[in-house]
Amino acid sequence: MPSREALTALDTQLTSQTPQAIVRWAIDHYFPNLALTCSFGGSSGMVLLDMALKIEPNLPVLVLDTGLLFSETYALVEQIEKHYGITVQYSRPTQTVAEQAATHGPELWGTNPDLCCKLRKVEPLKNVLAPYDAWLTALRRDQSSTRANTPVVSWNDKHQLVKICPLALWTERDIWRYIHANGVPYNPLLDQGYTSLGCHTCTSHPVNGDPRSGRWAGFNKTECGLHI
């Protein structure tokens, strides 16, 4: 694996490249030990999925199924499987929602959302990424203040692999221009005022200019812990 110094140099080099060029670089260097995670809730993930599958149709596509996703999200996964001829790999928590309630109390997302995210998202992601050397994800710098310094490529200590964000420098306008130009399927809830979709229990319409302000309303929280 590259050293941290080498990855820093690569980040500088790749920042000037197109997202497609970055994806191709990632596939050339890491496939088949490379996976793409997609929430099937945001617009960026669908763009990255489309770009990546056009270059490598056999790239593993992973989704974290918390058991609490919107019905529209589950329907989109099925649509994507048919559209691209792939099988999306589901990663699920060790406990069902009912089992979690029996252990930690009902509706944990309303009393301790950090723990709920840890159990239903963070730990499953750690498990599903374990076999891979590198990880493609659709983070963008303009999504929130916590993502403003997102590198294109970096070493991820949490999961002990190379994390690659080809869309880091793209804007929301860039994303939607690509979607419409390429006929990319996306979550229909995004046409209803939502800008960031996660679990239906913790997602509402945004309350200010931050696209992620509609997540975890009433809590000082805009990240589930997967990236921050």
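Predicted model: local features only at pLDDT ≥ 70, side-chain atom pairs only at ≥ 80, totals over all residues.
Residues are numbered from 1 along each chain as its sequence is written, and side-chain values use heavy atoms, with hydrogens and water left out.

So, the overall layout. We've got eight helices and six strands; helices here are DSSP runs of H or I with at least four residues, strands are E runs of at least two, and both are numbered from the N terminus. Going along the sequence, the pattern reads α-α-β-α-β-α-β-α-α-α-β-β-β-α. Of the 228 residues, 52% count as buried, where buried is under 20% relative accessible area, exposed is over 50%, and partly exposed is in between, with a 1.4 Å probe and protein chains only.

What order do the six strands take? They run 3-2-1-4-6-5 in an open sheet with mixed pairing, and two strands pair if DSSP finds at least two bridges between them. At the edges sit strand 3, 89-91, and strand 5, 153-156, each of which pairs on one side only. From one strand to the next, the twist averages 30°. Helix 7, residues 113-129, packs on the sheet and touches strands 1, 2, 3, 4 and 6. Its direction makes about 155° with that of strand 2; axes are lines fitted to C-alpha atoms, for helices over the stretch in contact, with angles from 0 to 180 degrees between N-to-C directions.

Both kinds of pairing show up. Strand 1, residues 34-37, goes parallel with strand 4, residues 134-136, over three bridges, and there Ala35 has Trp135 as its bridge partner. Strand 5 and strand 6, on the other hand, are antiparallel over four bridges, with Asn156 bridged to Leu161. In that hairpin there are four residues between the strands, and Gln160 takes a positive phi near 55°.

As a reminder, most residues other than glycine have a negative phi, and most peptide bonds are trans. Is Phe40 buried or exposed? It has 0% relative accessibility, so it counts as buried. And then there's a cis peptide bond from Phe31 to Pro32, omega near 15°, with Pro32 in the loop between helix 2, 19-30, and strand 1.

Phe40 comes back when we get to the core. A nonpolar core is a set of buried Ala, Val, Leu, Ile, Met, Phe, Trp, Tyr and Cys residues joined through side-chain atoms within 4.5 Å. The largest one has 51 residues, and Leu34, Phe40 and Ile164 have the most contacts inside it. Helix 3, residues 43-55, gives the most to this core, with eight residues. There's also a second, separate core of nine residues, including Leu62, Leu125, Leu129 and Tyr132. As for Ile164, leaving out residues up to four places away in sequence, its contacts include Trp25, Tyr30, Leu34 and Trp135.

Rings of Phe, Tyr and Trp, using the six-membered ring of Trp, pair if their centres lie within 6.5 Å; planes under 30 degrees apart are stacked, over 60 edge-to-face, and the rest tilted. There are four aromatic pairs in the structure. Another is Trp170 with Tyr178, where the centres are 6.2 Å apart and the planes are at 55°, so that pair is tilted. Tyr178 is buried too, at 9% relative accessible area.

Last stop is Ile86, in the loop between helix 4, 71-84, and strand 3. Ile86 is buried at 13%, and its C-alpha is 7.8 Å from that of Pro57, 29 residues apart along the chain. Beyond four places in sequence, Ile86 touches Leu53, Pro57, Val61, Ile80 and Glu81.

Methods
Contact = heavy atoms within 4.5 Å.
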